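Here is my note for your reading of this model. Please keep the structure open as you go through the points.

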Amino acid sequence: QAEQATHTQLLAPDRLHLPALDEQWQLEYQPATRNSYQQCAGNDLLVQHRDEEWPRILQAWLAERARQTLTPGLFKLADELGFVCNGVTIRGQKTRWGSCSTKKNINLNWRLLFLSAEQVHYLMVHELCHTVHMNHSKSFWALVESKLPNYQEIDKTLRKASRQVPVWAL
């Protein structure tokens, strides 16, 4: 099975589906002396890479795509729900979808792009509630529920959500 995972990892996808944004991207690869990516007409992405470094280039593009979309989305949601968020950082944490600091700065994982819009919305609400309660107390969960009454169903799906992320993006 590990052999199969390695083999899968080496296969560069020709299409990329980002459920969080409801986007489909066509991918094209080109050997190059410098690693880079270029968004072309429509949702076409050209990945120029040395050797087999395409996963790293795609991950960099996904982080940038998350910055362009998730960051303004989180600020808009904070405003709509009456929360104060002082800053957003996009990271590639291995074990967390998001986190919140005591300074009300929120970190979001670019891999969220592979989750459903509903899961991303819930995660944003969850982290915004941490700007008020820096723990998982009863008060915290009551605040989450007041903003998103069906949060428990969505929360359960996040436990297995890493399965939605392609092997090359882990």
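1. The mean pLDDT of the protein chain is 94, and 94% of its residues reach 70 or more.

2. This is a predicted model: local features need pLDDT of at least 70, side-chain atom pairs count only at pLDDT 80 or more, and totals for chains, interfaces and linings use all residues. Residues are numbered from 1 along each chain as its sequence is written, and side-chain values use heavy atoms, with hydrogens and water left out.

3. Next, the inside. A nonpolar core is a set of buried Ala, Val, Leu, Ile, Met, Phe, Trp, Tyr and Cys residues joined through side-chain atoms within 4.5 Å. Buried means under 20% relative accessible area (1.4 Å probe, protein chains only). The largest such core has 49 residues, and L16, L62, L70, L108 and F114 have the most contacts inside it. Helix α2 (residues 54-81) gives the most to this core: 11 residues. Helices are DSSP runs of H or I, at least four residues; strands are runs of E, at least two.

4. Look at strand β1 (residues 15-18). L16 and L18 point to one face and are buried. Beyond its neighbours within four places in sequence, L16 touches several residues, including L62, F114 and W168.

5. What is the partner of β1? Strand β2 (residues 23-31) pairs with β1 in the antiparallel sense, over 4 bridges. Two strands pair if DSSP finds at least two bridges between them. R15 stands opposite Q26 in β2. The hairpin has 4 residues between the strands, and D22 there takes a positive phi near 55 degrees.

6. Now the rings. Rings of Phe, Tyr and Trp (its six-membered ring) pair if their centres lie within 6.5 Å; planes under 30 degrees apart count as stacked, over 60 as edge-to-face and the rest as tilted. The structure holds 7 aromatic pairs. F114 and W168 are edge-to-face, 6.2 Å centre to centre, with 80 degrees between the planes. They sit 54 residues apart in the chain. F114 counts as buried because its relative accessibility is 4%.

Conventions:
Buried means under 20% relative accessible area, exposed over 50%, partly exposed in between (1.4 Å probe, protein chains only). Contact means heavy atoms within 4.5 Å. pLDDT is the predictor's confidence in each residue, from 0 to 100.
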